Amino acid sequence: MKKIFILITVFVFSLSTYSQIQFYDDSTSVADFPEISFQINDRDPDLKVKSDFILRERLDQLKVIDTFSFSHLKDSLSYSDENKCILVMIETLGHSDRYEQLGTSITAINNSLSRFINKGDKVKLVWFALRNAETKVLNDINPKFTDSINEIRSYLNKFLLPDNDSTNNIVSSITGALIEGVDVLDKLDSSLPKSIILISEERNNKYEGVSNGEVIAAARDKGVVINTIKYNRFKDEQFSIPTISKGTYGERFVLSQSSGNQRVNNKKKSEIENRVVQISKNLVKQSKGNNYKFSFFTKNDIKDGKNYRVQVEVTDSEQVEELSYKAPGNWVVGQFQKNLILSIVISIILIVLITILVLKIFRSYKEKALARENEMLEQRKKTELQQEEIDKQNKEIDRIKNEEIERQKIDSEIQKKKKENELITKMLQNGNFPILKVIEGNNSKTYEVNKPLFTVGRSSSNNLTVNNPHISGNHFKISFDGNDYKLTDNGSTNGTLVNGFKYQGNSGSTNLNDGDIIEVTELTIVFYK
C-alpha cells in the first residue's frame, strides 16, 4: 500500500512539474481595452471545457476572474499525411505463454509497414525483454531511423530472438525500455513530432527501478507522445498501465482476449495493424493538442502602459502558468484617468510655459538667422572683392607671361638668324654656294643650296620643289653643320639613293661630297660643293 501511495505521489508531482499549456505571445490583444484576450495551446488532445480553467489577475494582489469568455479554436485539418518520427517498441519474450504475442506482433508490424510509413517519415523498430544485469533494455531491429519500407522489412525478416534468461521470461522491463525510447527520440536531430508505439502485455517487472511517473515526466519534458497497444491474454487481464499513454497525451488500445496458444493470432494481428495505422494517422494531430481563446474585462481600466500578469490554472493537473500583458497608453494618460481636474490644470500650465518657451526660442532663432544672413552677405561682398583682385592679378600675370613668350620668340629668331648667317658665311668660304644639278630625262637645271637647311620635295613649302609623283611631299633635306653637308631622308615612300646606296627613314642619313649622285626613282641630282 505504501508503494502504491509513493507511485501516485510521483505521478501527480510529475504532471504538475512539466508544462502542458503554452501561451501564444503574439495572440495577446489589448485593442479593446479594458477587454483582454489571449490564446493558449494545451498539449492534451482531449477537449476541455470552461470549468477546467481558473483565471486570476495580479493587480495589487492576486484575484480570481469570475467572468471570462472561453472558446475552442477548431482545427479542421487531419494532418494524417504529414511527416513524423515513430519509434515502434515490440515486447519480445520467448516464453511459451508469450510466443503467440511475439509471432503476432512481428507479423502485424511487417504487414502494416506500407500502410503507416510515408515518404519523409523517420521510423525505427526496436525490441525489448527483461533487463539483463546493468545492460540496456532496448535492442535495434533496424539500426537507424528511415522511411525505407524495404530496408525495415529486410531487417525485420532477418530478426531472430536471442535465447537467454532475459527473453525466456514471462515479464519484461517496460518502463525501463520506455525511458530509453524517450532518450533515443530526444537525441534524434529532427523537428518532426515524435511518438512511441508500444506493443506489450503491460506486465512490467515489479523489480524494475523506473516508475510510471518517471516515464511520464521524461516523455512530457522531451515532448514525446507514448501510445500503447495491450496484447491482452485471458490470464494476464489484470496487468494494465493505462496512465502512461494518458499522461503523455497518447492513445491506448486493448486488443481482444485470447488464450495465447497460437503461433499467430490472425484476429489480433489484424487489430494490431489497424491500431498502428490509426495511431500514425492521429499522431501529428495528437502532438498539436488543442488551442483555446480566452477574454475577460480587467478590473484595472487605467491606460498607464504598465505590465500586468494573468494566471491560468488547469484544474485537473494543478498546473499554473502566467501571461504578461501591457496596458495601452502611458503614465500621462494614466494620470489623466486617475486625477482629471488636477491633470487639466497642470496641462494648461505646461502649455503656457511651453508656448512662452517656444516664442522665446523662435525669437532667438529669428535674430540668429538675421545675423547669419547679414554675415553671409558681408562675406559674399568680401569674396567678390577678393575675386576681382585675383582676376586683375591673373590678367597682369598673363600679360607679363605673353610679353616674355614674345620676347623669347624674338630672341630665338634672332639667335636662329644669327646662327644661320654664320653658317651661310662658312658656306661661302669657297666663294659660292653648293649646287644641285637636277637631271630629268634630257633636261637639267641647277639650284643653289643657299641655306644651312635645304629641303627637297613635291610640296611647295620646300626650298626646292620637284613636281614628280614619285617624290614624297618632304622627301629629303640637306643640312650644313659648319663643316660637312649631310643628306637625310625624311621617311619618304621610295627612299633616296646616294651613289647607289639607299637611305630611308631612321637609317636615311649620309655625308655629301662633291660630285655625289642623288637618285629618286628616274630623277637624278648631282651635288657640287
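Visitor: Asp-44: buried or exposed?
Guide: Asp-44 counts as buried, at 12% relative accessibility. Buried means under 20% relative accessible area, exposed over 50%, partly exposed in between, with a 1.4 Å probe and protein chains only. This is a predicted model: local features need pLDDT of at least 70, side-chain atom pairs pLDDT 80 or more, while totals for chains, interfaces and linings use all residues. Residues are numbered from 1 along each chain as its sequence is written, and side-chain values use heavy atoms, leaving out hydrogens and water.

Visitor: Which side chain meets Asp-44 in a salt bridge?
Guide: Lys-48, at 3.2 Å, N to O. A salt bridge here is a side-chain nitrogen of Lys or Arg within 4 Å of a carboxyl oxygen of Asp or Glu. Lys-48 is buried too, with a relative accessible area of 7%.

Visitor: How many salt bridges by that rule?
Guide: The count comes to 21. One of them joins Glu-202 and Arg-252 at 2.8 Å. Glu-202 sits in the loop between strand 9 (194-200) and helix 5 (212-222), and Arg-252 in strand 11 (residues 252-254), so the pair ties together parts 50 residues apart in sequence. Helices (H or I, at least four residues) and strands (E, at least two) are DSSP runs, numbered from the N terminus.

Visitor: Is Glu-202 buried or exposed?
Guide: Glu-202 is buried, at 2%. Arg-252 is partly exposed, at 27%.

Visitor: New topic. What does the C-alpha trace span?
Guide: About 155 × 90 × 40 Å along the principal axes.
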